[in-house]
Amino acid sequence: MTDLEVVARGLVGGEGSVERLSCHPRLLLVACVDSERPAVHIWDCGAGRLRALGSVGLTSEPYGDAFGWQRSQRTPAVAWHPERPLLVVAGEDGLRQWTPAGLSAPEGAPASASYRSLAFSPDGRTLWGSPSVRGEGEAWESSDVLDLSSGTIGAGPWWDTGVAEHPGGGLVATLASDQGATYCLFARVDQDTLPAVMRPLRRALVLDCDGYGTPVFSADGRHVAVRGNAYDNSVEVFEFPSLRRVLATTLGDPSPGYPYPPEWLDQMRAWARHNIAFGSRAGVLWIATPTGTLLEVELESQRAVEHDVLTGTPVSALAATVTGELLVAGSGGELLLLSVPLRPTQTRPTTGDTARAAAEAFLETTAEVPDDGNDLETHLVLTDGTRTWEADDLATTTTADSTDPTWLQLQAAINTAQVKGE
């Protein structure tokens, strides 16, 4: 049973499935990243219908048997302009720009540049790309800042996995990943200067291992969710601005450790990597499952309700539109637009003043990392949602047990080895 209403249906690409849905932040448009080849399909999801508008990379070679890093290197990155119907795609042929008028090279950006992650600044005048293509030092240790008005490329901070704008404005979240630990970095965006640059802040989340997706903010700015990781199908949700963890769960069985049994690998692959969204119900996270259902998780009560959507068909991607409807992609290329009516006890997320207050409160509790802070870790105040570590704490800790996160066990072992070597 479900109280979700199917508003419209579509079939994306005519074959295969969609592995990621990227909704425009202001308009009822969605970019559907193809799972069969490095292609992106653009759809209109307004006026109670789904309508195909165009594609990028449709003639590219299929992925075939490519898996893991080989596959991810070919997967295109996408970025919507914050106001206009304009999508920039970074793929095998460099940067391409889609608008309703057709495809072109993006103005002010080198068409040959190929980034694994891409984002517009909140004012739309700057394009951020990672890893750097400037050819200076280690590419993954910095990013590029493209001034679209002048065509110049400058240096930006280290980030590698998407950029999410807080709905309160002036603040973004992104990831800086390493095999042992991933930082969810928050950054102030100074839009009074051109180009707009992310200025990382000291307060940050620390996530175990790597392999996470772009953070997802709720519409009222009071929660942020992160989907990962390389070893577990984990979902974590944090209150904002407190960063207190309110949900931590693993979808399916936890990692049994290396070598991985085939049945566990099959389970890992069955769960979509882009399967969480905040919709029009306040305090609710939606999670899509391999059985074609959606889980509605009320964060305060931890109560979960299952909704039948694509019975027997795995959900390959999930996203929410700017108006709070849910977009569901099925493994056969199906695309569903779902309305989410409120129950008598539920409310819609309060936006505007609530979101701005959350962003401002966070900014008041932290400070920017110094411009000359090349060693980022030495300036961060880290939390996993339950404990907090100052940089000096981590530099000296030598105790950790098997119940502690992997990154903390590694840090303690490194510090212990250094003490013994003195």
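A residue is called buried when its relative accessible area is under 20%, exposed when it is over 50%, and partly exposed in between, using a 1.4 Å probe and protein chains only. Because its relative accessibility is 54%, glutamine 70 counts as exposed. Glutamine 70 is located in helix α1 (residues 69–74); helices (H or I, at least four residues) and strands (E, at least two) are DSSP runs numbered from the N terminus. Between the C-alpha atoms of glutamine 70 and histidine 379 there are 34 Å in space, and the two are 309 residues apart in sequence.

The model is predicted, so local features need pLDDT of at least 70 and side-chain atom pairs count only at pLDDT 80 or more, whereas totals for chains, interfaces and linings use all residues. Residues are numbered from 1 along each chain as its sequence is written, and side-chain values use heavy atoms, with hydrogens and water left out.

All five of the five residues in strand β23 (residues 284–288) are buried. Two strands pair if DSSP finds at least two bridges between them. Antiparallel pairing links strand β22 (residues 276–278) to β23 over three bridges, with tryptophan 286 in β23 as the bridge partner of alanine 277. The hairpin of β22 and β23 has five residues between the strands, and glycine 283 in the turn has a positive phi of about 70°. β23 also pairs with strand β24 (residues 293–298), in the antiparallel sense and over five bridges; here alanine 288 stands opposite leucine 294 in β24. Four residues lie between the strands of this hairpin, where glycine 292 takes a positive phi near 90°.

**The open sheet β18 to β21**

An open sheet is formed by four strands in the order β18-β19-β20-β21, with antiparallel pairing. β18 (216–217) and β21 (245–250) are at the edges and have a single partner strand each, so one side of each is left without a neighbour in the sheet. Strands β19 (residues 223–228) and β20 (residues 234–239) run antiparallel and are joined by six bridges. Glycine 228 has serine 234 in β20 opposite to it.

**Helix α3**

Helix α3 (residues 353–364) has 12 residues and reaches 16 Å from its first C-alpha to its last, close to the 16 Å expected at 1.5 Å a residue; the expected span is 1.5 Å times one less than the number of residues. Its buried residues are Ala355, Ala358, Ala359 and Phe362. They cover an arc of only 95° around the axis, which puts them on the same side of α3; the arc is that of the directions from the helix axis to the C-beta atoms. Asp353 and Glu364, on the other side of α3, are exposed.

**Cavities**

Two cavities of 30 Å³ or more are found in a search of the whole structure. On a 1 Å grid over the protein atoms alone, a cavity is a set of points where a 1.4 Å probe fits but cannot get out, and lining residues have an atom within 4 Å of a point. Grid points are joined across faces, edges and corners, and a volume is the space filled by probe spheres set on the points. For the lining classes, Ala, Val, Leu, Ile, Met, Phe, Trp, Tyr, Cys and Pro count as nonpolar, Asp, Glu, Lys and Arg as charged, and the others, Gly among them, as polar.

| Cavity | Volume | Lining residues by class |
|---|---|---|
| Largest cavity | about 50 Å³ | five nonpolar, four polar and two charged residues |
| Second largest cavity | about 40 Å³ | seven nonpolar, one polar and no charged residues |

Among the residues that line the largest cavity are Phe278, Gly283 and Val284. The second largest cavity is lined by Pro157, Trp158, Trp159, Thr174, Leu185, Ala187, Met198 and Pro200. The elements that give two or more residues to this lining are β16 (181–190) and β17 (197–208).

Conventions:
1 Å grid on protein atoms, 1.4 Å probe; cavity = no way out; pocket = protein on both sides within 12 Å on 5 of 7 lines; lining within 4 Å.
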